[in-house]
Amino acid sequence: MGFRCGIIGLPNVGKSTLFNALTETAAAQAANYPFCTIEPNVGRVAVPDERLDRIAAVAKSANIVQTQLEFVDIAGLVRGASKGEGLGNQFLANIREVDAIVHVLRCFDDGDVTHVEGRIDPVADAETVETELMLADLDSLEKRVPALIKKAQQGDKEAKIQAAVLGQALELLRESRPAREVAPKDEEERKALDQAQLLTAKPVLYVCNVDEGNAASGNAHSARVIEMAQAQGAKAVIISAAIEAEIATMDPADRTEFLGDLGLEETGLSRIIRAGYALLDLITFFTAGPKEARAWTVEKGAKAPAAAGVIHSDFERGFIRAETISYDDYIGCGGEAGARDAGKLRSEGKEYVVRDGDVMLFRFNV
């Protein structure tokens, strides 16, 4: 399990260039005109994690399998998308299918690259997109909530839960506030909110696309975006899509020196992944053996059977226990045998909450 991020933004802000760089493909056509991305392009990328390499070295694993992150490059939005302008209906439908939004904002000045609204103002761009998403959600809920309230009054328990949480969302949207500000009171309401697939309930990561000279420290445009993100409780990262595109074509051995020359310690991909993991409350656990060392992703708070189910549904259904070693103990003790001898291997049951970095072996019986 990885997670699915939709790359969105106004036309010509660098979405497809970023997508191509991140996935090291040319699947999305990057061109200087709106709607060059007509169908959502999907790319899977491996999530880099140095811990997995160290675990594989200790376990003498023949293969290394990283967990994956999925990016969806979605057609550019224009003002009026909520009413079907441009490719609005398709754009909005594609966003409903993702777990989080990576909102690319143009934070560079370049007279050769046109802006759909004729000015460079990333905060205004963000507000344009957010307004269209809010209008689409508002239109949806104004039709759905009255029907849910009616069913709730007739004694429908599920409708009562939905009416309560979606009613909160509707009130927020009427105040020009996104549905992500809704505070579900329990797990049932949280589930109802998730199932509603509201566009403004999706967590957002703002990506400030700057020129090469500002990749390390940003510029005045990106500073405004970061201030906006902090006010919203959102996250923002600074990258240069042009640099990422160049890195994607380089030999891996040359990338570190190239990044160093630019004053960068890591690629934009790594920063986006780390910010995305934090955004969605995801953690990584590992399995290791002579044949394979592998990284897996679960939500923070997941219990051992759910983690087992990520590997195979039979593991969860027949779960008995999870033999668990922390990453530090696994490396420090030289692997499973050493950890067992040192008393660092724990036998955990169904209520164990998986921790980031756990190295796990599941015992099950189907």
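This passage looks at the overall build of the chain and then at its charged side chains.

The model is a predicted one, so local features need pLDDT of at least 70 and side-chain atom pairs count only at pLDDT 80 or more, while totals for chains, interfaces and linings use all residues. Residues are numbered from 1 along each chain as its sequence is written, and side-chain values use heavy atoms, with hydrogens and water left out.

To start with the big picture, the protein chain has 14 helices and 12 strands; these are DSSP runs numbered from the N terminus, with helices being H or I of at least four residues and strands being E of at least two. Of the 366 residues, 49% are buried, where buried means under 20% relative accessible area, exposed means over 50%, and partly exposed is in between (1.4 Å probe, protein chains only). Among contacts with a separation of 6 or more, 69% come from residues 24 or more positions apart, a contact being heavy atoms within 4.5 Å.

On to the charges. There are 24 salt bridges in total, each one a side-chain nitrogen of Lys or Arg within 4 Å of a carboxyl oxygen of Asp or Glu. One of them links R174 to E171, N to O at 3.1 Å. Both residues sit in helix α5 (residues 157-174), 3 residues apart, or about one turn of the helix. R174 is partly exposed at 47% relative accessible area, and E171 is partly exposed too, at 42%.

Another bridge pairs E266 with R274, with the closest N and O atoms 2.5 Å apart. E266 counts as partly exposed because its relative accessible area is 23%.

R321 and E323 also pair up, at 3.4 Å between the closest N and O atoms. R321 is partly exposed at 32%, whereas E323 is buried at 8%. Shared partners tie R321, E323, E336, R340 and R363 into one network of salt bridges.

Finally, D109, D110, D211, E212 and E246 form a patch of negative charge on the surface. Patch residues have over 30% relative accessible area and no salt bridge, with like charges joined within 9 Å; Asp and Glu count as negative, and their charges are placed at CG of Asp or CD of Glu. D109 lies in the loop between β5 (100-106) and α4 (122-153), and is exposed at 57% relative accessibility.

Methods
Patches are made of residues with over 30% relative accessible area and no salt bridge: like charges are joined within 9 Å, nonpolar side chains (Val, Leu, Ile, Met, Phe, Trp, Tyr) within 5 Å. Accessible areas come from the Shrake-Rupley method with a 1.4 Å probe; for residues, only the protein chains shown count as cover.
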